[in-house]
Amino acid sequence: MGKKLSGKDLIKLGFPKNNSINVTLGQINRYQKRVKKEHILIEAKKVLLNPEAYQGDGVWGKIAESLLKPVEVKRHVLKTTRSPFQIYGENEIDEQAKYQLFDALKLPVATAGALMPDAHTGYGLPIGGVLATKNAVIPYGVGVDIGCRMCLTVYPIAISYLKGKKHQLENILSEHTKFGMYETHKVKHDHEIFERDEFKTIPLVKRLKDKAYKQLGTSGGGNHFVEFGVITITDTANEWGLKTGEYLGVLSHSGSRGLGANIAKHYTYLATKQCPLPKHVQQLAWLDLDTHDGQEYWLAMNLAGDYAQACHDDIHARIAKLLGSKPIAKIENHHNFAWKQEVNGEECIVHRKGATPAAKGELGIIPGSMTAPGYIVRGLGNQASLQSASHGAGRLHSRRACKEKFTRSEIKKQLKAHDVTLIGGGIDEAPMAYKNIEKVMANQQELVEIVGTFTPKIVRMDK
């Protein structure tokens, strides 16, 4: 018996001469490389005789599916007309981002869409793009950083603390927050997320568990941050019963780290294989939610979103302990995610890539830049925006353009003028890289109402 499993071995077992052979070889190659060939053949025979019993299995489920109800791989053609959509703040959005949304609205699975006022060009769906689809999920419609989110905690601490204890606060951020590819906390915290079934049943996710454990409570590079600042509550009828006025706040922005990035990469690859599209829209390839891979991505995506939340919880818990204070309010929400939501009377999958959920009464935080205020908001449940709002001010200049346009001394000048201390941060994250948050907020008055603001004072980013 040869060492490596071949199609001939499977045909000998009784496998039909169709794509089930390719699927089986692919799965074995990916997940059972170290298993002896005779063991694989015994297991494969069991699956062949009773595929129904293996439908939920991480490795064999896809093989069972290929025997029972093979995924139909056919080249899809775009619709000639766009699904209904709405654009907010149209004059502030680059044409390329609009065209990306228009292409997405022509997908056979698309039912509706919207573009938020902070929108700009991205991969697949534009950043600030919202897209509703029928029973299909687009990995690149969610994005690479699955469950990237904002989290704001409010403390019963006078804001004079920002000046008086500035050195200690800077020290908390530089010593106790970790950023980028390689920084992790010396003392690792455990979390109930690691008990989740998905870490046992989805082979790809199982492999990523150790990395996820090491990276818990850390933030990514790029535009991710942790910052101290001034919270101003302006709405007397706020949800926490807080008096209007100023409080010390901590705001964090980051996502699901290596866990989410690897999930995105893997399922995007599977989507492009299963869903061939015209070249210019290939990044919008989707997974049917009735397939093994579609179901698996949905579970993995939700796990990555919950893991991102666990990371923020850990960041805020560490800081609260160092401040010696308990938060009196917490506001948080995802962007870069897909939700099941009713759209025009039917259940759809709503992708928000760099857009915030804004259902009626739903709270959120929309940051500006390191020198501009962010806004604590309450959703108005606008149906035309698919109950969404912007996730920030949005980029005015690409990362590359920033490096050509701005200098470190210009950034320092801006920071000094706004009395902001920056630890880390590259030229590509210059305050001038972002759109005017006041304009963005003015363009979404139909989407959210303002509860208060957050003004950054001490900012930590990746070096």
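Pro-126 is a buried residue of this predicted model, with a relative accessibility of 0%. The residue is placed in the loop that runs between β2 (110-120) and β3 (127-133). What surrounds Pro-126, once neighbours within four places in sequence are left aside? The contacts are with Ala-97, Gln-100, Leu-101, Leu-115, His-120 and Lys-353. Glu-239, by contrast, lies 33 Å from Pro-126, C-alpha to C-alpha, and the two are 113 residues apart in sequence.

The UniProt entry, which is unreviewed, lists His-391 under "active site". In the model, His-391 sits in the loop between β15 (388-390) and α13 (399-405). Is His-391 buried or exposed? Its relative accessibility is 14%, and because the cut-off for a buried residue is under 20%, His-391 counts as buried. Beyond its neighbours within four places in sequence, His-391 touches Asp-118, Ile-127, His-335, Gly-354, Ala-355, Thr-356, Ile-366 and Pro-367. With one of these, Asp-118, the contact is also polar: the two side chains meet at 2.7 Å.

Which residues of α4 are buried? They are Gly-61, Lys-62, Ile-63, Ala-64, Glu-65 and Ser-66. The packing partners of these buried residues are four other helices, namely α2 (19-31), α3 (37-49), α11 (257-274) and α12 (292-323).

Apart from neighbours within four places in sequence, Gln-27 is in contact with Gln-32, Gly-58, Val-59, Lys-62 and Ile-63. Lys-62 and Ile-63 are among the buried residues of α4, and both are reached by Gln-27.

The domain assignment divides the chain into domain 1 (7-68) and domain 2 (148-461). The centres of the two domains, taken over C-alpha atoms, are 41 Å apart. Where they meet, nine residues of domain 1 are in contact with 13 residues of domain 2. The size of an interface is often given as the accessible area lost when the parts come together. For domain 1 and domain 2 this area is about 790 Å², with 49% given by carbon and sulfur atoms. On the domain 1 side, Arg-30, Tyr-31 and Lys-62 lose the most area to domain 2, and together they make up 62% of what that side buries.

How many salt bridges does the interface of domain 1 and domain 2 hold? The rule finds one. A salt bridge joins the side chains of Lys-62 and Asp-293, at 2.6 Å from N to O. On the side of domain 1 that touches domain 2, α2 and α4 each supply at least two residues. The largest share of that side, three residues, comes from α4.

Methods: Residues are numbered from 1 along each chain as its sequence is written. This is a predicted model: local features need pLDDT of at least 70, side-chain atom pairs count only at pLDDT 80 or more; totals for chains, interfaces and linings use all residues. Side-chain values use heavy atoms; hydrogens and water are left out. UniProt positions are given in the numbering used here, feature names are shortened, and annotations may be inferred rather than shown by experiment. Buried means under 20% relative accessible area, exposed over 50%, partly exposed in between (1.4 Å probe, protein chains only). Contact means heavy atoms within 4.5 Å. A polar contact is a pair of N or O atoms within 3.5 Å; within protein, one must be able to donate a hydrogen and the other to accept it, and residues adjacent in sequence count only if both atoms are side-chain atoms. Domain bounds come from an automatic or database domain assignment. Buried area is the accessible area (1.4 Å probe) that two parts lose on being put together, summed over both. A salt bridge is a side-chain nitrogen of Lys or Arg within 4 Å of a carboxyl oxygen of Asp or Glu.
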